[in-house]
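Here are a few notes to go with your first look at this model. Have the structure open while you read, and follow the points in order.

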Amino acid sequence: QLSSGSTLLLTNGVAVGIYGATGLAVNGILASQGTPVNLNRLVSCSVVQEQPMATPSPIIGGNGTWQGLNFRFTDFSVLAGSDTAWYGSGSSTFLLKVNDVTGTNSGPVVLRDCQLHGGGLAILLGYISNESLTISMTNNLLERVNVAFWENSFMPNQFLVNMRNNLFYGGTVKLTYYYIAPPPAWSWFNN
């Protein structure tokens, strides 16, 4: 667990294995800065070691109370899973999963020049409170990743999505925005 007010900086091609049902709980700032020839790696332990029963676990999970997630030249790998897990049922594994930021305004999520393999990238907001979140992804490879950005709100939330120059191979993309007022402009260019 990364406590509030703390920063964890990953560099020099470090590999971090995540184990457990909740993933890495980040309440501070998590930054990963690899290089083009020496990527940092964040992986689910069930990907790299045989186990009698793989536990589906996210790399980064929780309720979105982080102050910032910033990844550059980072490789994320989890096992593929069922697409039925987007809304709480099924047994998918996630690279990043956020369900209802509980009244907090999370820091930005930035992925640039990263590789994401398998599993899901799910941001599901708007059932509980008026949270805000910005996700920016530039020049990433998403290989067999199921992406869901879901804003279902009865409250005025600020969920901003900026996607540019990302390559999607396999997987699915679900973009949903339910709100009475006009949604914020989500930018989606050259993907």
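The points below go through a cavity, a surface patch and the salt bridges.

1. Before anything else, keep in mind that this is a predicted model.

2. Start on the inside. How many cavities of 30 Å³ or more does a search of the whole structure find? The search turns up 1, and the volume of the largest cavity is about 50 Å³.

3. Which residues line the largest cavity? Pick out I60, L69, F71, F76, L95, L96, V109, L111, L116 and L121. The lining is made up of 10 nonpolar residues, with no polar and no charged ones. Strand 7 (68-72), strand 9 (94-99) and strand 10 (109-112) each give at least two residues to that lining.

4. V109 is one of those lining residues, and it sits in strand 10. Is V109 buried or exposed? V109 counts as buried because its relative accessibility is 0%.

5. V173, L175 and W188 make a nonpolar surface patch of about 250 Å². W188 belongs to strand 19 (residues 187-189). With 33% relative accessibility, W188 counts as partly exposed, so don't look for it among the buried residues, which are under 20%.

6. On to charges: there are 3 salt bridges in the structure. One of them pairs D75 with R41, and the closest N and O atoms are 3.7 Å apart. This pair links distant parts of the chain, with D75 in strand 8 (residues 74-77) and R41 in strand 5 (residues 40-44), 34 residues apart. D75 counts as buried because its relative accessibility is 5%, whereas R41, at 37% relative accessible area, is partly exposed.

7. R72 and D113 form another salt bridge, with 2.7 Å between the closest N and O atoms. Here too, distant parts of the chain are linked: R72 is in strand 7, D113 is in the loop between strand 10 and strand 11 (115-117), and 41 residues separate them. R72 counts as partly exposed at 27% relative accessibility, while D113 is buried, at 13% relative accessible area.

8. Stay on D113 for a moment. Its side chain also meets that of R112 in a salt bridge (3.8 Å, N to O). Shared partners join R72, R112 and D113 into one salt-bridge network. As for R112, a relative accessible area of 42% makes it partly exposed.

Key. Residues numbered from 1 in each chain as written. Predicted model: local features only at pLDDT ≥ 70, side-chain atom pairs only at ≥ 80, totals over all residues. Heavy atoms only, no water. 1 Å grid on protein atoms, 1.4 Å probe; cavity = no way out; pocket = protein on both sides within 12 Å on 5 of 7 lines; lining within 4 Å. Points joined across faces, edges and corners; volume = space filled by probe spheres on them. Helix = DSSP H or I, 4+ residues; strand = E, 2+ residues; numbered from the N terminus. Nonpolar A, V, L, I, M, F, W, Y, C, P; charged D, E, K, R; others polar. Patch = residues over 30% accessible without salt bridge, like charges linked within 9 Å, V, L, I, M, F, W, Y side chains within 5 Å. Areas by Shrake-Rupley, 256 points an atom, 1.4 Å probe, with all protein chains shown as cover. Salt bridge = Lys/Arg side-chain N within 4 Å of Asp/Glu carboxyl O. Buried < 20%, exposed > 50% of the residue type's maximum accessible area, 1.4 Å probe, protein only.
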